[in-house]
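Subject: Structure for you to look at

Hello,

The structure we spoke about follows, with my notes on it below. Please read the two side by side.

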Amino acid sequence: MRANTWAGRNKVKVRDVPDPRILNERDAIVRITSTAICGSDLHLVDGYVPTMQDGDVMGHEFMGEVIEVGGGVDPDRLRVGDRVVVPFPIACGACGACAAELYSCCENSNPNAGIAEKMFGHPVAGIFGYSHLTGGFAGGQAQYARVPFADVGPLKIESDLTDEQVLFLSDILPTGYMGAEMCDIQPTDVVAVWGAGPVGQFAMDSARALGAAKVIAIDKEPYRLQMAERAGHTPVNFEEVDVRSRLLELTGGRGPDKCIDAVGMESSHGSAHVHAYDRIKQAVRSETERPHALRQAILSCRSGGIVSVIGVYGGFLDKFPAGAWMNRALTLRTGQCHVQRYMKPLLQRIERGEIDPTRVITHTLPLDQAERGFEIFKNKQDNCEKVVLKP
Amino acid sequence: MTQLATREAVKAKQDDVQRRGRRLGWMSLGLGVAQLAAPDTVRRISGVDDSPTTRTVVPLVGARELIHAAGLLTSRRKSTWAWTRVVGDAMDLASLGVAIAHRNGRRRRRLVGVTGAVVGITVVDLLTAVQATRAKRIGSTRAVRGSREGGPMELTATTTIRKPPPKVYAFWRELDNLPTFMAHLEEIRTTGDRTSHWSASAPFGKNVEWDAEIVDETPGEKIAWRSTGNADVPNAGTVRFVPAPDGVSTEVHVVLSYNIPGGAIGKAVAKYFGEEPHQQLDDDLRRLKQVLETGQVVRSEGAPWGKRARKEFPQRPAQPLSDSEFAKGADS
């Protein structure tokens with residue numbers, strides 16, 4: 001089959017690889033009909049997430065049709081022919097973490113738990129196409145994929161919604177939603193979202209759906225801010241204005257009640273020397289993150305507020321504003337999304353028309369053009385917001 | 001001294017070598033940058049600003065220092081890189097000797113001063129290089145010190161499994177289940193009510209077999225066993241099944257002890273446990289948890305061989321296996 005693979009830092013390559021096969025009895029094989037490129041794929045390609053290997057099949061946002069199931073898959077849960085969206089964290093459904101609905105912390109799905117434990121203190125779940133630290137699972141930017149614990153994760157789509165309407169249930173819509181949910185939003189809340197990429201856009205839509213009084217979008221790309229503005233959110237361009245002053249202005253001096261970091265480890269900064277400081281430290285690997293967005297969110301949030309982090313971090317960061325965090329009684333909440341928890345309720349919101357996930361799609365390309373897809377997405381060319389790939 | 005204490009001493013020495021190697025690396029970096037960024041200042045201080053040749057030589061020496069720095073700061077193999085510095089020092093001293101012979105007065109005094117400093121640095125480099133080489137030799141005798149003289153080794157590990165204690169106990173008490181998750185076991189055959197015959201798999205040393213007996217057990221709570229007769233690797237183990245505070249799960253606490261013999265078998269066992277013997281038992285228990293909670297040892301494309309995935313990283317790529325690779329199995 002054809003598959004998009006990691007080919008060294010800053011390089012992906014569509015190659016011919018063997019077709020997947022059942023390795024565990026609860027596996028299924030899915031023929032992929034739609035897949036997507038995620039912002040976190042860029043961290044892998046840029047080489048900031050360790051343990052990628054040449055030839056790793058990438059991609060963790062995909063859906064398709066079940067063409068084979070292992071002997072251990074309960075036929076009441078999944079059969080050949082089912083149309084499914086596959087959540088990016090692989091979860092067994094039986095361990096303590098899964099019982100607590102902390103699916104992205106599943107205790108059983110990562111065969112490389114030993115490596116993850118050294119890095120993070122405790123292991124994390126397996127994730128499709130997302131380094132060997134999270135299991136070494138082949139990903140979904142391919143024609144076919146093997147899906148472990150197929151009777152737990154995949155969500156059956158039985159209505160006639162299009163791929164584009166449901167594909168993002170695999171990651172970015174639940175991730176954005178969880179970012180807003182962790183904010184414990186009240187009707188009086190002003191919510192500021194750093195990053196107007198696809199996850200940020202969905203965090204904004206979710207914050208509004210959960211009842212926020214006002215939602216602010218912070219980014220530097222005019223087209224991304226315009227996209228947020230068209231959806232009814234208030235844009236702030238950090239290259240044009242001082243973010244803190246603008247946020248004070250927009251909130252009567254209080255600061256946003258809730259702040260969401262939808263940027264993560266590779267953020268850029270309006271101030272060139274601060275950016276250079278982190279960029280150099282990151283390049284020589286003396287810190288792994290460039291956490292401007294997180295720092296600014298903590299410093300901007302009103303006292304007693306919540307800072308919710310859904311942008312991806314992988315290692316260690318410097319100059320964490322612990323003083324602001326502690327003295328102003330801020331709550332920091334975070335996590336890789338527990339997608340399985342949100343798929344059904346969000347599918348219902350899509351069916352009811354409360355959220356339109358298709359609004360972020362700007363490019364649809366054949367799988368064979370994945371390299372070009374990464375290029376324009378990474379460099380924000382051609383007003384690229386979200387790339388969907390068709391195998 | 002216990003085995004662990006010895007290991008810690010070796011580790012402390014290795015850490016010290018790493019630290020000193022890094023310090024030399026930073027020094028190289030400083031010298032290299034100075035020689036490349038301000039070669040004329042360096043030439044003046046050294047008293048060789050009268051020779052046009054040094055205009056080329058000084059930046060070249062600076063570039064060489066940067067290579068030392070890169071090696072010492074990024075590589076774990078400090079011994080090799082410390083020796084490259086010693087070689088560099090010898091080159092520097094030879095050039096300085098030539099330079100002194102051709103100069104008089106103020107320049108000569110400066111050169112002698114610089115030469116004195118380089119001699120001092122050479123002594124430090126030589127000491128570090130010798131010690132790094134020695135630490136490497138000690139370190140390579142592996143976790144279980146004295147693969148020649150052998151000795152006792154005790155491992156402990158624990159995990160929590162979301163099944164009640166009687167279930168987990170019953171699974172363990174069927175001793176032939178143990179090889180499904182314990183990497184070093186090939187087969188356990190029950191030979192009597194309390195007796196069994198165990199055989200180890202290849203990585204643990206070929207053809208290692210022994211008889212064992214259960215010496216103590218409380219159903220649902222505890223099993224203790226030990227090898228009997230003339231076992232190649234005398235060993236014993238205890239596993240306790242403790243109800244977890246959540247009321248549904250079981251804490252599994254395992255203690256294994258081995259009496260590592262000398263000779264080839266001892267060497268194979270020591271090699272099997274590697275530098276982190278606890279990791280093996282931790283991984284065994286992780287697989288026990290997978291088997292009990294999900295039915296099987298979980299496999300990925302990067303780690304497709306279940307308990308036979310001996311080497312964690314680098315793995316095969318996270319890419320589906322070809323038919324021939326799959327047919328060959330873990331040994332491919």
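Asp382(A) sits in the loop that runs between α13 (370-378) and β17 (387-390) of chain A. Although Asp382(A) is not a glycine, its phi is positive, at about 55 degrees. Asp382(A) has 11 C-beta neighbours inside 10 Å and therefore counts as exposed, the limit for that class being 12 or fewer. Please bear in mind that this is a predicted model.

Lys319(A) is another residue other than glycine with a positive phi, near 55 degrees. Its place is the loop between β14 (306-309) and α11 (322-327) of chain A. Lys319(A) has 13 C-beta neighbours inside 10 Å, so it counts as partly exposed.

Chain A as a whole

Chain A is built from 13 helices and 17 strands. Its radius of gyration is 20 Å, close to the 21 Å that the globule rule gives for 391 residues, so chain A is as compact as a globular protein of that length. Taken along the principal axes, the box filled by its C-alpha atoms is roughly 60 × 50 × 45 Å. Of the 391 residues in chain A, 55% are buried. Among contacts in chain A with a separation of 6 or more, 72% are between residues 24 or more positions apart.

Cores

The largest nonpolar core contains 122 residues. Val30(A), Cys106(A), Val191(A), Val193(A), Ala203(A) and Ile260(A) have the most contacts inside it. What does Val191(A) contact, once its neighbours within four places in sequence are left aside? Its partners are Cys183(A), Ile185(A), Ala207(A), Ala212(A), Val215(A), Pro256(A), Asp257(A), Lys258(A) and Ile260(A). There is also a second, separate core, which has 17 residues, including Ala183(B), Phe241(B), Leu281(B) and Leu292(B).

Contact between the chains

Chain A puts 38 residues into the contact and chain B puts in 32 residues. On the side of chain B that touches chain A, helix α8 (residues 277-294) gives the most, with eight residues. That side of chain B divides by class into 11 nonpolar, 12 polar and nine charged residues.

Helix α8 of chain B

α8(B) is mostly covered, with 15 of its 18 residues buried. Just after α8(B) comes Gly295(B), which has a positive phi of about 100 degrees.

Pro261(B)

Pro261(B) lies in the loop between β7 (250-260) and α7 (263-273) of chain B. Not counting residues up to four places away in sequence, Pro261(B) touches Gly150(B), Asp232(B), Val233(B) and Gly266(B). Ala170(B) is 91 residues from Pro261(B) in sequence, and their C-alpha atoms are 32 Å apart in space.

Regards

Conventions. Residues numbered from 1 in each chain as written. Chains lettered and ligands numbered in written order. Predicted model: local features only at pLDDT ≥ 70, side-chain atom pairs only at ≥ 80, totals over all residues. Contact = placed C-beta atoms within 7 Å. Helix = DSSP H or I, 4+ residues; strand = E, 2+ residues; numbered from the N terminus. Nonpolar A, V, L, I, M, F, W, Y, C, P; charged D, E, K, R; others polar. Core = buried A, V, L, I, M, F, W, Y, C linked by C-beta atoms within 7 Å. Buried ≥ 20, exposed ≤ 12 C-beta atoms within 10 Å, placed from the backbone. Rg over C-alpha atoms; globule rule 2.2 N^0.38 Å.
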